[in-house]
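Subject: Handover of a structure

Dear colleague,

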Amino acid sequence: MGDDDLARILSNEQWVIPSAGFAIAVMDAVRRDSTVPPPIPFPWKRILPMALVAMFILVALSIAGITLLIEYPLSQLIQWPKPRNAVGAAWIALSLVVTSLAVRLSMRFACRKPY
Amino acid sequence: MDAAEDEAAVERVLAGDTSGFEGIVDRWQGPLVNLAYRFCRDHGRAEEMAQEAFLRAYRSLDGWRREAAFSTWLFALATNVYRSELRRIPLRTLSLDEIAEPRDERATDGGFEDKDRDRSVRRAVLALPAKYRDALILFYFHDMDVGSTARSLALPEGTVKARLSRGRKILSKKLSQRLGPVRLGEEF
């Protein structure tokens with residue numbers, strides 16, 4: 001293969017002819033697209049004030065949190081619950097199972113088709 | 001291709017006449033389908049990709065700044081669409097180490113062998129890393145015009161030249177293992 005072979009192979013490619021209905025299919029798609037209403041723009045004007053307020057609250061809370069952490073050590077603020085006994089854990093597990101069953105049952109009733 | 005016709009068609013579409021786009025489709029369907037075909041080597045998929053490119057062009061006609069020719073804008077847009085499509089659904093290509101097929105033993109006059117070799121080279125281009133593949137495909141599609149290639153890829157000409165050079169080197173290395181010594185010189 002010589003120096004110009006790559007150029008010859010890649011530039012002298014056979015020209016593909018689009019199928020007979022191609023232009024019609026494209027125009028159909030274009031017409032369908034033109035009838036679709038434009039997407040509703042994101043309501044930045046409404047969201048922006050709320051986002052600013054949320055940002056302000058977040059910053060204020062962060063500052064308050066940092067101030068609190070400086071005043072009191074972390075160990076004083078967070079007191080991890082100590083496990084008392086195995087009976088307490090069993091009750092917690094049981095209550096979780098009962099809650100889960102109740103939720104599933106109520107969802108089943110709610111999703112049932114009306115007769 | 002008449003630039004004035006394109007501009008008139010664009011004006012019609014922007015004024016609300018959708019049928020004005022027919023002229024653009026008629027004039028550019030061949031180039032866009034062929035460019036897509038070089039990216040995927042599948043006629044059906046090439047038409048799907050070209051259709052998507054036309055749709056995107058229709059939706060963003062008002063984004064065509066008249067500083068560049070309509071064709072430049074259309075090719076850049078189509079190239080973007082094709083590259084995105086290939087990223088979304090990659091080609092089922094073989095790796096560069098697997099591309100070359102065994103030579104056709106029936107070849108006596110070189111005819112079969114040439115076809116095999118040409119096919120191997122084209123498949124090897126598709127198996128290149130995307131940035132080299134795109135540069136090579138567009139360079140040869142645009143009749144070896146670095147400027148047009150750079151505009152289609154929205155890259156500086158220097159970057160395109162570097163990618164072409166590197167792509168050629170990779171191709172040369174991989175193909176020479178299978179097809180014999182390859183010397184792919186600089187052509188720009």
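Within chain A, confidence is at its highest in helix α2 (residues 22–35), with a mean of 94, and at its lowest in helix α4 (residues 74–77), with a mean of 72. The model is a predicted one, and the average pLDDT over chain A is 84, with 85% of the residues scoring at least 70.

Helix α3 of chain A (residues 44–71) consists of 28 residues and spans 40 Å between its first and last C-alpha, close to the expected 40 Å at 1.5 Å a residue. This helix, α3(A), is hardly covered, for the number of buried residues among its 28 is zero.

Turning to the interface, 23 residues of chain A are in contact with 35 residues of chain B. On the chain B side, α2 (21–40), α3 (43–59), α5 (111–126) and α8 (157–179) each contribute at least two residues. The greatest contribution to that side is made by α2(B), with 10 residues. Classified by type, the side of chain B that touches chain A comprises 16 nonpolar, 11 charged and eight polar residues.

The largest nonpolar core contains 50 residues, of which B:Leu32, B:Ala36, B:Phe54 and B:Leu136 touch the most other members. Here too α2(B) gives the most, with 10 residues. Domain 1 (3–88) and domain 2 (111–179) of chain B each supply at least three residues to this core. Leaving aside residues up to four places away in sequence, B:Leu32 touches B:Ala50, B:Ala53, B:Phe54 and B:Ala78.

With kind regards

Notes:
Residues numbered from 1 in each chain as written. Chains lettered and ligands numbered in written order. Predicted model: local features only at pLDDT ≥ 70, side-chain atom pairs only at ≥ 80, totals over all residues. Contact = placed C-beta atoms within 7 Å. Helix = DSSP H or I, 4+ residues; strand = E, 2+ residues; numbered from the N terminus. Nonpolar A, V, L, I, M, F, W, Y, C, P; charged D, E, K, R; others polar. Expected span 1.5 Å × (residues − 1). Buried ≥ 20, exposed ≤ 12 C-beta atoms within 10 Å, placed from the backbone. pLDDT = per-residue confidence, 0-100. Core = buried A, V, L, I, M, F, W, Y, C linked by C-beta atoms within 7 Å. Domains from an automatic or database assignment.
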